[in-house]
Structures are given as structure tokens and as C-alpha cells.
Amino acid sequence: MAPPKISIGELEAKHPMYCKALKILVRQGTSSAKLQRTLCWDRLRLLNRSLPRQYKSPEQLMRIIQAGISMNQKH
């Protein structure tokens with residue numbers, strides 16, 4: 001069974017939700033390999049491939065989140 005089609009508009013509308021899900025997973029210490037198998041990662045990657053000037057890749061987002069966590073732990 002093929003996965004359901006999703007429009008760019010739907011992806012854009014749900015971008016904050018995908019970012020929030022990624023942030024939660026990163027904070028929980030989910031491995032990079034497991035993150036790459038998640039729906040949020042897949043959708044963030046699709047958005048980045050479709051509109052690279054507007055949306056960061058999931059790898060970039062993960063590094064930004066990890067840097068934020070590191071900064072919070074230092075304080």
C-alpha cells in the first residue's frame with residue numbers, strides 16, 4: 001500500500017508540529033539513526049527538498065536543537 005500523498009501546503013502548515021516532534025525526540029536522546037526513520041524527519045526532509053531556501057534540513061534542525069540543549073546545560 002502506497003503512503004498517502006501530502007501537498008506542500010499541508011507540509012508547510014504542519015512544519016511547526018514536525019519541528020516540535022523533532023525537538024522532543026532529540027531532548028529524549030533518540031539516536032540519529034532512529035530519528036531518520038521518523039515521520040517528522042521524513043516530512044522535514046521533503047519540505048527542505050521542495051523549498052530549500054525556506055526550510056532547513058532535518059540534519060540542520062537537529063544540530064540547532066542539540067546546540068540549544070548544550071547551551072542550557074552549561075547554565
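Contact here means heavy atoms within 4.5 Å. This is a predicted model, in which local features need pLDDT of at least 70 and side-chain atom pairs count only at pLDDT 80 or more, while totals for chains, interfaces and linings use all residues. Residues are numbered from 1 along each chain as its sequence is written, and side-chain values use heavy atoms, with hydrogens and water left out.

**View 1. His15 and its contacts.** His15 lies in helix 1 (helices are DSSP runs of H or I with at least four residues, numbered from the N terminus). With residues up to four places away in sequence not counted, His15 touches Leu44, Leu47 and Tyr55. Because its relative accessibility is 17%, His15 counts as buried (under 20% relative accessible area, with a 1.4 Å probe and protein chains only).

**View 2. Leu44 and the largest nonpolar core.** Leu44 is, with Leu22, Val26 and Leu35, among the residues with the most contacts inside the largest nonpolar core, which has 15 residues (a set of buried Ala, Val, Leu, Ile, Met, Phe, Trp, Tyr and Cys residues joined through side-chain atoms within 4.5 Å). Helix 1 (8-27), helix 3 (39-50) and helix 4 (58-74) each supply at least two residues of this core, and helix 1 gives the most, with six residues. Apart from neighbours within four places in sequence, Leu44 is in contact with His15, Tyr18, Cys19, Leu22, Lys56, Pro58 and Leu61.

**View 3. Helix 1 against helix 3.** The two helices pack at an angle of about 130°, with their axes 8 Å apart (lines fitted to C-alpha atoms over the stretch in contact, with angles from 0 to 180 degrees between N-to-C directions). The contact includes His15 and Leu22 of helix 1 and Leu44 and Leu47 of helix 3.

Terms used: Buried means under 20% relative accessible area, exposed over 50%, partly exposed in between (1.4 Å probe, protein chains only).
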